[in-house]
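Subject: Structure for your files

Hello,

Here is the structure I said I would pass on. My notes follow below it.

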Amino acid sequence: MLFAIDAGNTYIAAGGLTGGMPVFTATLSTDKNKTGDEYAILLQNLMEIRGIDPGDIEGAIISCVVPSLTAKLREAVTQVTGKRPLIVGPGMKTGLNILLDNPGQMGSDLVSIAVGALGHYALPCVTADMGTATILGVLDAKGNYIGGAICPGLPLSLAALAAGTSQLPNVELTPPGRVIGRSTVECMQSGMLYGFAAMLDGMLDRIEAELGTPPTVVFTGEHAELMAELCKREEIVTDSHLILKGLWGIYERNGKK
């Protein structure tokens, strides 16, 4: 079994994979103040809850976009599994041809998602990772990673709206049932959710126009299923484990040696 971790700014996704598919998954809150030992305790407890024997872990890999956590998570995984994890970064074999102005600027999370999409979905393909930021990534018909777009994520946008105004509260991200809201809460929910869905529909239409052919669209991340329901575009795939599948693919190319 491969133990894989994706550490983002808000959450840490962890999972065990066999044959490229998740056997178990879990989500932890990202906490920059925790030590490596504290993360080790969390991971140890997680495996006990899931009924996983650390001795069954044959390898490990980490994608981390929070630099201050990378060493701590490496230490924690090594303590719990006895395996020193690979850290996704420059110089790794990924199978991706990255056609960016500066490929080294591409985050390890985006690399992992793109590898997951390349290995599981028809090309061309557009991925939308919905976390603290919502990041669109584009693979062309030949499997080249040609770029994308970065937008604020739903929770970040809502927090900024509530913090930057005097009379608007934080609200639950629940569809109000109609676009024309009849209360402050409904108006905020409509603007956040239907407005966000309209943004995604519009961006996907523009990306499709530049590609010249309809792409496979894959949503992943915390709000993937909700936004797929609200978008007007048909045939949106949701895959909550896309990044873990990508980490499996990267490990296969780098870890066995």
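Which residue in β10 is the bridge partner of C125? The partner is T216. Please keep in mind that this is a predicted model.

That pair belongs to the contact between β7 (residues 125-130) and β10 (residues 216-221), two parallel strands joined by six bridges. Both strands sit in an open sheet of six strands with mixed pairing, in the order β6-β9-β8-β7-β10-β11. At the edges stand β6 (97-98) and β11 (236-238); each has a single partner strand, so one side of each is left without a neighbour in the sheet. Overall, the protein chain has seven helices and eleven strands.

On overall dimensions, the C-alpha atoms of the protein chain fill a box of roughly 55 × 45 × 30 Å along the principal axes. The radius of gyration is 19 Å, which agrees with the value near 18 Å that a compact globule of 257 residues would have.

The surface comes last. The accessible surface of the protein chain is about 12600 Å², and carbon and sulfur atoms account for 51% of that. The chain carries 18 positive and 26 negative side chains. The centres of these two sets lie 5 Å apart.

Regards

Terms used:
Residues are numbered from 1 along each chain as its sequence is written. This is a predicted model: local features need pLDDT of at least 70, side-chain atom pairs count only at pLDDT 80 or more; totals for chains, interfaces and linings use all residues. Side-chain values use heavy atoms; hydrogens and water are left out. Helices (H or I, at least four residues) and strands (E, at least two) are DSSP runs, numbered from the N terminus. The radius of gyration is taken over C-alpha atoms; the globule rule is 2.2 Å times the number of residues to the power 0.38. Accessible areas come from the Shrake-Rupley method with a 1.4 Å probe; for residues, only the protein chains shown count as cover. Lys and Arg count as positive and Asp and Glu as negative; His and the chain ends are not counted. The place of a charge is taken as NZ of Lys, CZ of Arg, CG of Asp or CD of Glu. Two strands pair if DSSP finds at least two bridges between them.
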